[in-house]
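Morning, everyone. Let me put the model up, and then I'll walk you through what I looked at.

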Amino acid sequence: MLNENEKYPLFNIDWVVLSLYLILLVCGWFSICGASHELGDTNFFEWSTRTGKQLVWIACALALGFVIMMTSDRYYDTLAGFFYWLMMLVLLVTPFIAKDIKGSRSWVSLGFCNIQPAEFAKCATALAVAKLIDEYGFTLDKMRNFFKAAGLVLLPMVLIVLQRETGSALVYLAFFLMFYREGMPGSILFIAVAAVVYFVVGIRFGTTELPGTLSSVGEFVVLTLIWLFTIGMLHVYVPRNKSAHLFSLVGAGAIILSLLVSEFIIPFDISWVLLALCIFMAGYLAWQSLGQRVNTCLLIAVFTLGSTAFLYTADFALNNVLEPHQRVRIQVLLGMNEDNRDAGYNVNQSKIAIGSGGLEGKGFMNGTQTKLKYVPEQDTDFIFCTVGEEQGFLGSAGVLLLFLCMILRLIYLSERQVTTFARVYGYSVTSILLFHVFINVGMVMGVTPVIGIPLPFFSYGGSSLWGFTLMLFIFLRMDASRKRPILGA
């Protein structure tokens, strides 16, 4: 027997999220009007124009949402594995059948439009991960289970990187926010944050010399952080272990003595002393772990060695693994290069457009920076600069407020789900939406790397819009059919 919510899902849809979705679609379409139309042109509805095509994509998205709401949500649970492996097959085949567009082979031509499978793979991955975590007895605090879940996320990332679409691949890191909510050890999140700090500090200050020594500031600071983090983890996870005191005394003495010798006797690279200290700590902890059932000391030793190895491979990865344009973008973001003509041109022009909008903006279709095409990709990846120029600070803040309301509402809906499958899927959708908004708005304002991901419901194109509509309405369908608790029960 179907409960009342399953019989009439449209009447039980969350009207707050639906209203926000429709408002964002309308705002997005008007933003595309301002970004893509020429001065004096008011023909917004012809198929030959981007605004006309976007109306078709919006209509298709609404139709897709309706079909999803009228389909039983049981299919998403039952067929989650099938959807996932089907999309992995599509991602694997895509580079061989896709055309080369700006160095990327991620777009498949359907004749009347191009589709990017990576946008739909996010939904399939969210369903597969939710299905896995929903298994009886599955908890992410067990490393074996964590690696299973992480494997489901990393596989599409690898396949998308093979398409030379790094930006779309990085979006899948958003799933780790959901993992943390579902019980992923905080140490894993700490390691991820530490890796970012190592990379930024090591690269940004890698060529700056520490006064009085032959060491680079970046290498010295990162190795010092590894020393401090190792001591801190010993205090937290092995409070009875006396090694933390030993490492504190030996490390402080070695650093002070090295600085004094380098300053007053003979300058040398004191990073070698810190490197030896890190290796000593890792070896000592590994030796202590012998014969112990719980190898916490061994795990901390692996963290120390892994952090040290990461420091020395970061520079290699930057110069030999990343594409030249990606490397330059990172260097511009970190302030290592001033490049307002090439890699930094987009961001520089975008900031000029946003700043020129002032408090209230120049008005709809009155943006000079966008009308004169100073900002490349201004109706796709850099669509937010159009909002800033035409609607000003107030309009930009309003758009961000709409996204914030949707994210908070999705968190609320996720928490009220009665099944683990629906809750995990809801948090996956929320995490992906948050990642897109944060990175896209950040790169337009010059505070995050330019990795080329769209702003949900705003950027021109069907793939992103349909992909987000698919994810969002599947979750709304799950929420609409959940069984409400009986009052007084």
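Before anything else, the burial scale: buried means under 20% relative accessible area, exposed means over 50%, and partly exposed is in between, with a 1.4 Å probe and protein chains only. This is a predicted model, so local features need pLDDT of at least 70 and side-chain atom pairs count only at pLDDT 80 or more, while totals for chains, interfaces and linings use all residues. Residues are numbered from 1 along each chain as its sequence is written, and side-chain values use heavy atoms, with hydrogens and water left out.

You'll find Leu170 in helix α8, residues 166–170; helices here are DSSP runs of H or I with at least four residues, strands are runs of E with at least two, and both are numbered from the N terminus. Contact, for us, means heavy atoms within 4.5 Å. Skip the neighbours within four places in sequence, and Leu170 is in contact with Phe435 and Ile451.

Zooming out, the chain has 20 helices and three strands. Of its 489 residues, 50% count as buried. Take the contacts between residues at least 6 apart in sequence: 71% of those join residues at least 24 apart.

The chain exposes about 23600 Å², and carbon and sulfur atoms supply 68% of that; the areas come from the Shrake-Rupley method with a 1.4 Å probe, and for residues only the protein chains shown count as cover. There's a nonpolar surface patch of about 970 Å², with Tyr75, Phe82 and Phe96 among its members. For patches, we take residues with over 30% relative accessible area and no salt bridge, joining like charges within 9 Å and nonpolar side chains (Val, Leu, Ile, Met, Phe, Trp, Tyr) within 5 Å. Which helix gives the largest share of the patch? That's α5, residues 80–97, with eight residues. Tyr75 sits in α4, residues 74–78, and counts as partly exposed because its relative accessibility is 48%.

On to salt bridges: a side-chain nitrogen of Lys or Arg within 4 Å of a carboxyl oxygen of Asp or Glu. By that rule we get eight. In one of them, Arg409 pairs with Asp14, with the closest N and O atoms 2.5 Å apart. That pair links distant parts of the chain, 395 residues apart: Arg409 is in helix α18 (383–415), and Asp14 is in the loop between α1 and α2. Asp14 is buried at 5%, while Arg409 is partly exposed at 22%.

Then there's Glu389 with Lys362, closest N and O at 3.0 Å. Glu389 is in α18 and Lys362 in the loop between α16 and α17, so the pair ties together parts 27 residues apart in sequence.

Last stop, α20, residues 462–480. Its end C-alpha atoms are 26 Å apart, which agrees with the 27 Å its 19 residues should span at 1.5 Å a residue; the expected span is 1.5 Å times one less than the number of residues. Of those 19 residues, 18 are buried. Asp479, in this helix, is buried at 0% and forms a salt bridge with Arg416, closest N and O 2.8 Å apart.
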